[in-house]
Amino acid sequence: MRIEYDIKLGFKDVMIRPKRSTLKSRSEVTLDREFKFLHSPITWSGIPIMAANMDTVGTFDMAKALSSKKLFTAIHKHYSLADWNVFASNLSEDESKYIAVSTGISKQDFEKLNDILKFNTNLKFICIDVANGYSEHFTDFVRQTRKLYPSKVIIAGNVVTGEMVEELLLSGADIVKVGIGPGSVCTTRIKTGVGYPQLSAIIECADAAHGLGGQIISDGGCSIPGDIAKAFGAGADFVMLGGMLAGHDESGGKKIEKNGKTYKQFYGMSSSTAMEKHIGGVADYRASEGKTVEVPYRGEVESTVQDILGGLRSTCTYVGAKRLKELTKRTTFIRVAEQENQTYSE
């Protein structure tokens with residue numbers, strides 16, 4: 001047993017200090033980024049915000065809506081091969097740039113991934129997703145996938161420490177997904193006591209990834225647009241959203257009418273709801289590590305995207321970053337004990 005005494009920080013522990021700026025308007029800020037990858041020869045450009053591969057968020061409808069804005073979607077892994085073939089056959093070459101096929105690490109998952117990519121060669125991104133990215137089996141799966149798909153962009157996670165980011169990049173990943181337990185419907189920290197405050201995880205993992213020429217995704221913990229700005233300011237290359245994109249027409253989950261108001265169901269992928277839906281229930285050797293909640297229905301996702309992107313442009317003007325790429329260099333975090341005046345809450 002050992003104790004690390006350095007304080008680790010989450011989004012609520014800091015704010016971004018404003019700096020002198022020459023920008024006259026938010027309209028001068030460019031949010032597009034271009035990335036080259038450690039292993040794949042592909043070059044990607046777009047706005048590096050992602051819908052999470054949850055079946056209540058990472059849907060085909062969400063992918064269509066977000067790709068039109070040059071935002072990314074990691075499609076959840078529970079669509080059938082037939083579903084994929086219909087969807088992908090109607091994708092343009094440009095739309096396919098903003099979509100990843102998600103997979104677990106079982107033999108059946110690998111076979112399904114191979115089938116999807118065999119019939120849909122225009123898909124360029126693979127998201128290998130497990131809750132715990134620290135197992136040797138996971139690393140071996142990343143190596144196996146890289147060997148079979150040398151030109152695909154491989155996303156792998158989740159982890160929260162620099163040494164494991166390096167391990168995954170050296171094993172064939174191009175982008176590492178960072179986050180254990182920060183999500184709004186994740187109960188891993190409650191059930192296991194395991195986790196890492198998300199801001200510190202980003203800072204440490206970005207440093208490790210960038211040293212090798214890889215990228216990271218901050219996955220989870222963002223509840224407001226300002227959190228997304230903080231994630232980018234801390235060094236994240238991409239930011240993945242779950243709860244912030246739930247509750248829309250394009251989101252999955254049942255619509256629920258209650259007391260004259262409309263809600264949509266949103267749940268974690270390790271929740272009993274998800275496991276009952278997809279694998280017949282919670283296995284007797286494990287516990288549910290996710291919540292099931294009802295979020296207010298929010299209509300089309302376009303207005304939420306505009307709110308997020310507008311907030312991010314505003315952050316850039318406050319610190320003088322003309323491009324999103326410059327935000328990290330222009331960010332100084334200050335430790336705080338308060339974030340906002342909550343006299344009137346929405």
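Contact here means heavy atoms within 4.5 Å, and with that in hand I opened the notebook on this predicted model.

**Entry 1: a helix pair.** I started with helix H5 (residues 136–148) and helix H6 (residues 162–170), whose axes come within 9 Å and cross at roughly 30°. I then looked up which residues meet, and found Phe138, Thr139, Val142 and Arg143 on the H5 side, facing Met164, Glu167 and Leu168 on the H6 side. Sorting the residues of this contact by class, I noted 4 nonpolar, 1 polar and 2 charged.

**Entry 2: the core.** Next I turned to the largest nonpolar core, which has 100 residues, and I wrote down Ile49, Trp84, Val165, Ile228 and Leu241 as those with the most contacts inside it. Helix H8 (residues 198–212) gives the largest share of this core, with 7 residues. As general background, I kept in mind that nonpolar side chains in soluble globular proteins tend to be buried together.

**Entry 3: threonine 73.** Is threonine 73 buried or exposed? With a relative accessible area of 0%, threonine 73 counts as buried, because the cut-off for that label is under 20%. I located threonine 73 in strand S5 (residues 72–75). Its contacts, again without residues up to four places away in sequence, are Ala51, Gly58, Thr59, Met62, Ala63, Leu66, Tyr98, Ile99 and Ala100.

**Entry 4: helix H9.** I went on to helix H9 (residues 225–234), which I recorded as mostly covered, since 8 of its 10 residues are buried. The buried residues of H9 are Asp227, Ile228, Ala229, Lys230, Ala231, Phe232, Gly233 and Ala234, and Ile228 is also one of the residues with the most contacts inside the largest nonpolar core. Just after H9, I noted that glycine 235 takes a positive phi of about 120°.

**Entry 5: an open sheet.** I traced an open sheet of 3 strands in the order S12-S13-S14, and its pairing is antiparallel. Strand S12 (255–258) and strand S14 (292–296) are the edge strands, each pairing on one side only. From one strand to the next, the twist averages 40°. Looking at one pair by itself, I found that S12 and strand S13 (residues 261–267) run in the antiparallel sense over 4 bridges. Which residue in S13 stands opposite lysine 255? I found lysine 264 in that place.

**Entry 6: two annotated glycines.** Last, I checked the UniProt record, an unreviewed entry, where the annotation "binding site" covers Gly181 and Gly183. I treat the label with care, as such annotations may be inferred rather than shown by experiment. Glycine 181 lies in the loop between strand S9 (175–178) and helix H7 (188–192), and glycine 183 is also placed in the loop between S9 and H7.

I then looked up how each glycine is covered. Glycine 181 counts as buried because its relative accessibility is 13%, whereas glycine 183, at a relative accessible area of 26%, is partly exposed. Not counting residues up to four places away in sequence, glycine 181 touches Cys186, Thr188 and Arg189, while glycine 183 touches Gly220 and Gly221.

How values were computed:
Residues numbered from 1 in each chain as written. Predicted model: local features only at pLDDT ≥ 70, side-chain atom pairs only at ≥ 80, totals over all residues. Heavy atoms only, no water. Core = buried A, V, L, I, M, F, W, Y, C linked by side-chain atoms within 4.5 Å. Buried < 20%, exposed > 50% of the residue type's maximum accessible area, 1.4 Å probe, protein only. Helix = DSSP H or I, 4+ residues; strand = E, 2+ residues; numbered from the N terminus. Pairing = 2+ DSSP bridges. Axes fitted to C-alpha atoms, helices over the stretch in contact; angles between N-to-C directions. Nonpolar A, V, L, I, M, F, W, Y, C, P; charged D, E, K, R; others polar.
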